[in-house]
Each structure stands twice: as C-alpha cells, then as structure tokens.
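My notes follow, in the order I looked things up.

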Amino acid sequence: EENDAKYGEEVKQRWGEQAWQESNKKLTNMSAQDLDQVQAIDKEFKRALVSAYESGDPTGNLAQQAVELHRQWLKYYWTDYSKEAHLGLAEMYCQDERFAHYFDGRMELAEFLREAVKLA
C-alpha cells in the first residue's frame, strides 16, 4: 500500500493501468513463502552485483549471475519478462536518482547492472 501510494500514479502513467493492475494483483497474491523467497533473491542479487562490480567485468560470471538473480526477482512482480524490458528498467535505474537508495546510494552499481544486462 505504501509503495502504491508513493508510485502508483507514476506507474500508471509510464506503463498503463493494465500493467499496474496486473503487477498489484501478482503482489497481493504472493504467499508468505513467495515473499520470503523474493527477499532472499533480492539480498543475493545485491551481494552478487557488488562482487561483480568489484571484479570490473560486466560480461563475467559474477555479473551474469547478478543479471539472472535480478531477472528472477523481477518475475515475482512482472507478468511478462523480456530482455528489452529488463534493459529498459536498468536504464531507468541510471536515470532516476531515487533508485540510488535501492543500490545503497551507489549509482555506479545501477550503471554496472545496465551494462551487464546489455551484454547478457
């Protein structure tokens, strides 16, 4: 509810009412087990992304593991996945400073993820 109150209108404007409804439905139907799993994936993704960034290689195994974990995390929220949409989201992470918080204030992680998704 808090997320919807903050970003619901923006989501509707960017991706349309139907995408917003489908994502909300998916989120509200998550079981406690699903929620635990998505949180575990998110934690592992962030760990993998930092390790990959430190390696400096967006084409390396660590970076591609991070991309895969992010894809898995997205599938909990998105009804349809495509690499193009994933890349679009990664690009948005780089353009919108609000996402720096998600990346522990490190926009260079968003930029690294964008490159890794591009090269996946």
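**Notebook: overall fold**

I read along the sequence and got the pattern α-α-α-α-α-α for the protein chain. The tally is 6 helices and 0 strands, counted as DSSP runs (H or I, at least four residues, for helices; E, at least two, for strands) and numbered from the N terminus.

I noted that this is a predicted model, where local features need pLDDT of at least 70, side-chain atom pairs count only at pLDDT 80 or more, and totals for chains, interfaces and linings use all residues. Residues are numbered from 1 along each chain as its sequence is written, and side-chain values use heavy atoms, with hydrogens and water left out.

**Burial and contacts**

I checked burial next: 31% of the 120 residues count as buried, meaning under 20% relative accessible area with a 1.4 Å probe, protein chains only. For contacts (heavy atoms within 4.5 Å), I took pairs at least 6 apart in sequence, and 58% of them join residues at least 24 apart.

I also looked up the box that the C-alpha atoms fill, roughly 40 × 30 × 25 Å along the principal axes.

**A look at α5**

Does the length of helix α5 (residues 83-95) agree or disagree with 1.5 Å a residue? Its 13 residues should span 18 Å, and the end C-alpha atoms are 18 Å apart, so it agrees; the expected span is 1.5 Å times one less than the number of residues.

Which residues of α5 are buried? I listed H86, L89, A90, M92, Y93 and C94. These buried residues pack against α1 (2-15), α4 (61-75) and α6 (107-119).

Note on methods:
Buried means under 20% relative accessible area, exposed over 50%, partly exposed in between (1.4 Å probe, protein chains only).
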